[in-house]
Amino acid sequence: MGDRLDIHPVTPQARLIQQAARSVNAGGLLVIPTDAGYSLVWGLDAVDAENRVQRLRQLDSKHPFTVLCATISQIGSLAKLDNDAFRIVKSHTPGPITFILPAGAELPRRLKQSKRRAIGCRIPDNAVAQALLEAAGSPLLATSLVLPDEAFDSHDAYEVEQRLLRHVDFMLDAGDCPPGPTSVLDLTGEAPQVTRQGFQELHLD
């Protein structure tokens, strides 16, 4: 059973953020609030945590996970951002949008091993998520709380605690958050393409 940390949604307590950051940097698996539901998050090199996620969600090893970033600079360190893509990302962040971008040449070793040609990145508009990313000092891998044969509201903090706390090391409980899912914007082609409209409809004009 993991630990639930009751954290302020707007001004998260620094000691709780540091506690969660130490856990995620040590390979822990966390559930945190975002601007599109609660999400599972873990470090880029946390193999055991990722294996736990795959077992929990019954995913194969090729499933692409989203990378949560604190800044556009972090996105640029993982993906190729030409001028057009940069302008689009800048104008829509932070927010509940996942950008599919061509993978960069300097991917971390674990992501390189997956031979990704594209990578999904987003900058969440959530004070707790942003504080954790800053304290962790690097991007984090993330996935939504879609469990096999188990439907529940991933934005409802109580339901998330009941279903997920036994599977993670920490839950940062900031109360209910926006429901999700994110919109998905594919920037790998000649023109931007919205491949999923999220709970907040995405407009490019």
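This report walks through a predicted model, going from a pair of packed helices to the core and then to some individual residues.

Let's start with helix 1, which covers residues 14-25, and helix 6, which covers residues 127-136. Two packed helices are described by the angle between their axes and the distance between the axes. Here the axes come within 9 Å and cross at roughly 60°. Helix 1 and helix 6 are therefore oblique to each other, and their crossing is right-handed.

Who does the touching? On the helix 1 side you'll find Ile 17, Gln 18, Ala 20, Ala 21, Val 24 and Asn 25, and they meet Val 128, Ala 131, Leu 132, Ala 135 and Ala 136 of helix 6. Sort the residues of this contact by type and you get 9 nonpolar, 2 polar and no charged.

**The core**

In soluble globular proteins, nonpolar side chains tend to be buried together. In this model, the largest nonpolar core has 64 residues. Tyr 38, Leu 40, Trp 42, Leu 132 and Leu 172 are the ones with the most contacts inside that core. Helix 6 gives the most to this core, with 6 residues. Leu 132 also turned up above, on the helix 6 side of the contact with helix 1.

If you skip its neighbours within four places in sequence, Leu 40 still touches Leu 29, Leu 30, Val 31, Val 53, Leu 56, Leu 141, Ala 142, Thr 143, Leu 145, Leu 164 and Val 168.

Gln 54 sits in helix 2, residues 47-57. Its relative accessibility is 13%, so Gln 54 counts as buried. Residues up to four places away in sequence aside, Gln 54 touches Leu 59, Asp 60, Ser 61 and Phe 65.

Gln 74 belongs to helix 3, residues 72-78. Gln 74 counts as buried because its relative accessibility is 17%. Beyond its neighbours within four places in sequence, Gln 74 is in contact with Cys 69, Ser 138 and Pro 139. Gln 74 and Gly 2 are 72 residues apart along the chain, and their C-alpha atoms are separated by 29 Å.

Then there is Gln 58, in the loop between helix 2 and strand 4 (66-68). With a relative accessibility of 60%, Gln 58 counts as exposed. Its backbone also stands out: phi is near 55°, a positive value in a residue other than glycine.

Asp 3 is part of strand 1, residues 3-6. Asp 3 has a relative accessible area of 43% and is partly exposed. Neighbours within four places in sequence aside, Asp 3 is in contact with Leu 165, Asp 169, Phe 170 and Met 171.

Asp 169 itself is in the loop between helix 7 and strand 8, and at 28% relative accessibility it counts as partly exposed. Asp 169 and Ala 49, 120 residues apart in sequence, are 9.7 Å apart from C-alpha to C-alpha.

Glu 159 is found in helix 7, residues 157-164. At 26% relative accessibility, Glu 159 counts as partly exposed. Leaving out neighbours within four places in sequence, Glu 159 touches Phe 152 and Asp 153. Between Glu 159 and Asp 176, which are 17 residues apart in sequence, the C-alpha to C-alpha distance is 9.7 Å.

| Cis peptide bond | Omega |
|---|---|
| Thr 93 to Pro 94 | about -5° |
| Gly 180 to Pro 181 | near 5° |

To place them in the fold, look for Pro 94 in the loop between helix 4 (83-91) and strand 5 (97-102). Pro 181 is in the loop between strand 8 (170-173) and strand 9 (183-186).

Terms used:
Residues numbered from 1 in each chain as written. Predicted model: local features only at pLDDT ≥ 70, side-chain atom pairs only at ≥ 80, totals over all residues. Heavy atoms only, no water. Axes fitted to C-alpha atoms, helices over the stretch in contact; angles between N-to-C directions. Helix = DSSP H or I, 4+ residues; strand = E, 2+ residues; numbered from the N terminus. Parallel < 35°, antiparallel > 145°, perpendicular 65-115°, else oblique. Left-handed = near helix turned anticlockwise from the far one by under 90°. Contact = heavy atoms within 4.5 Å. Nonpolar A, V, L, I, M, F, W, Y, C, P; charged D, E, K, R; others polar. Core = buried A, V, L, I, M, F, W, Y, C linked by side-chain atoms within 4.5 Å. Buried < 20%, exposed > 50% of the residue type's maximum accessible area, 1.4 Å probe, protein only.
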